[in-house]
Amino acid sequence: MNVVAAIPAYNEEVNIKHIIKRTKLYVDHIILVDDGSSDATAYIAKSMGVQVIRHGDNLGKSAALATAFEEAKKLNPSVLVTIYANGFHNPDDIPAILNPVLSGDTDVVNGAYVTSSDIELDTTFEGMRPTGKGQFFMSSGFRAYSSKTLDVFKFTKGDDAIEVELIDDAINSGFKVREVPIKIIDPVKRVLLASKRIGVVVPAYNEEKLIKATIDSIPHYVDRIYVINDASTDNTAKVIESLEDPRLFVITHETNKGVGAAIVNGYKQALKEYMDVVAVMAGDNQMNPAQLPKLLMPIIEGRADYTKGNRLFSEEYRGGMSGLRLFGNSLLTFITKIGSGYWNIMDPQNGYTAISKEALAEIGLDEIYTYYGYCNHMLVRLNAFGFRTLDVVMPARYGQEKSTIKYGPYIGKVSIMLFKKFLWRLKMKYMVLNFHPLVLFYILSMVLLPVGLIFGVAILIAKLMQWSLSANLPILDALILVSGAQFLLFAMLFDMQESEKDMRGAGIRSAEGEIE
């Protein structure tokens, strides 16, 4: 048996890795037709070893399906499975639609959405019909086709009617068609998103080219958009004034205060307007709005207080990140793990975040660092006050905007800040708000390790100068260094354990950032 899966996709970087990963478990070959995507969809698919066919332009679902069928026929499949990458289809339902065709019971299996009649859907599907049980079936495009049916399809209809046309072609050609109900997931997510007041903070400095695209892309379920013009010297202010989105609340800085200060001012206004969850999307259009629900849902469901993007988890998601940028980010990740106490986090420089109103009210916004290291400092304060932080894996996204950060001075400056805030965290979390002996372990390690290193250098110099030294001095130095290292390791171990206690209840974080 040779089972081929065809996936038509357009700008589906949010779900594509999960879809491919799970689909591979049930099929022998995958063809992805990338219908002119402008995001990382094709890159991720290629990195996972999938055959990718690219349309130069967005030709639509019907054209993508026609291409998929033609390419699939070249592989002589026993069964062709079509599955979409929009998050509606669960690849683990593939056996349910595949097995009736493999057994010869039918020629085409249609996975039909089953949903309650009181859930409002954005899309009208042709071919909907009541079941008589307060539900209705909707043709989903999640299907299995036997090899003998593949030549009968004409693909003459447009996107809205193509699903019905394929079924009609099969029936009119005398093939047996069977429906298998599958659950629809997305409306439940939309109901939850609608249940909370959601704000988005957009810091902007000299973003005249990209600020409009950023604002226009923010989803309709967001209640308020706080744009902070941080004393831009270009036409950013004029572009913002031309926007007619009623959700906009514009804050203008007369002098440039830094991205951290801009975000803090947005946060403060969101608290005044009683937002339940507040996200940050930079004004350079590098944060994919389709990823926003993955940041919001863990907070809405009560599994986290702060969520942030993570581009470092896998090679497929690091596309476009330069080697220097990756090295600098990895170095700051390690330093931030120690400084913040969140040993589970990666990519602390990722500014695509969401936070609950409870966390915003408690962490002390006036104390947040105003330089680019604000996101690292946020993690320190969140940990000190016991809030749960969750990484959400997503691809890197780089467009027209070029980073102006100079990594040498940047890493140095942020590292010094993190060390100071690390000492503050130890005092606040383990001495003021509570007490834990790990503070003493950290202090002893910070005394013994430098003393041991200085002592060792002095012994080495004395040896080179051929001065007379006691044979016990190197042993004493080794004892000091080993003791300092042990105290440091024990302190880090206890810090990890305390962090794990804080994180309990944050839910399971899957590799793809999927909500489980």
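Helix α3 (residues 61-73) packs against helix α5 (residues 162-172) at an angle of about 40°, their axes 10 Å apart. That makes α3 oblique to α5, where oblique covers whatever is left once angles under 35 degrees (roughly parallel), over 145 (roughly antiparallel) and 65 to 115 (roughly perpendicular) are taken out. Axes here are lines fitted to C-alpha atoms, for helices over the stretch in contact, and angles run from 0 to 180 degrees between N-to-C directions. K61, S62 and L65 of α3 meet I162, E163 and L166 of α5, with contact meaning heavy atoms within 4.5 Å.

This is a predicted model, so to speak of local features takes pLDDT of at least 70 and side-chain atom pairs count only at pLDDT 80 or more, while totals for chains, interfaces and linings use all residues. Residues are numbered from 1 along each chain as its sequence is written, and side-chain values use heavy atoms, leaving out hydrogens and water.

**The chain overall**
- The protein chain has 16 helices and 15 strands, taken as DSSP runs (H or I, at least four residues, for helices; E, at least two, for strands) and numbered from the N terminus.
- Of its 516 residues, 52% are buried; that means under 20% relative accessible area, with exposed over 50% and partly exposed in between (1.4 Å probe, protein chains only).
- Take the contacts between residues at least 6 apart in sequence, and 74% of them join residues at least 24 apart.

**The seven-stranded sheet**
- An open sheet with mixed pairing runs in the order β11-β10-β9-β12-β14-β13-β15; two strands pair if DSSP finds at least two bridges between them.
- β11 (248-253) and β15 sit at the edges with a single partner strand each, so one side of each has no neighbour in the sheet.
- On average, neighbouring strands of this sheet are turned by 20° against each other, direction ignored.
- β12 (residues 277-280) and β14 (residues 353-356) pair antiparallel over four bridges, and V280 stands opposite T353 of β14.
- Helix α13 (residues 374-384) packs on the sheet, touching β13, β14 and β15, and its direction makes about 145° with that of β13.
- Helix α9 (residues 259-272) lies across β9 (198-204), β10 (224-230), β11, β12 and β14, at about 140° to β11.

- β15 (residues 389-393) runs parallel to β13 (residues 306-310), joined by five bridges; T389 is the bridge partner of Y306.
- Five of the five residues of β15 are buried.
- That goes for both faces: T389, D391 and V393 on one side, L390 and V392 on the other.

**Nonpolar cores**
- The largest nonpolar core has 34 residues, and I7, I20, L32 and V81 have the most contacts inside it; such a core is a set of buried Ala, Val, Leu, Ile, Met, Phe, Trp, Tyr and Cys residues joined through side-chain atoms within 4.5 Å.
- A second, separate core of 31 residues includes Y221, V239, I300 and M394.

**Helices worth a look**
- All nine of the nine residues of α10 (residues 292-300) are buried, so this helix is largely enclosed by the rest of the structure.
- Just after α10, G302 takes a positive phi of about 80°.
- E498 sits in α16 (residues 472-503) and is buried, with a relative accessible area of 16%.
- Beyond neighbours within four places in sequence, E498 is in contact with Y430, H436 and L438.
- L326 lies in α11 (residues 323-340) and is partly exposed, at 26% relative accessible area.
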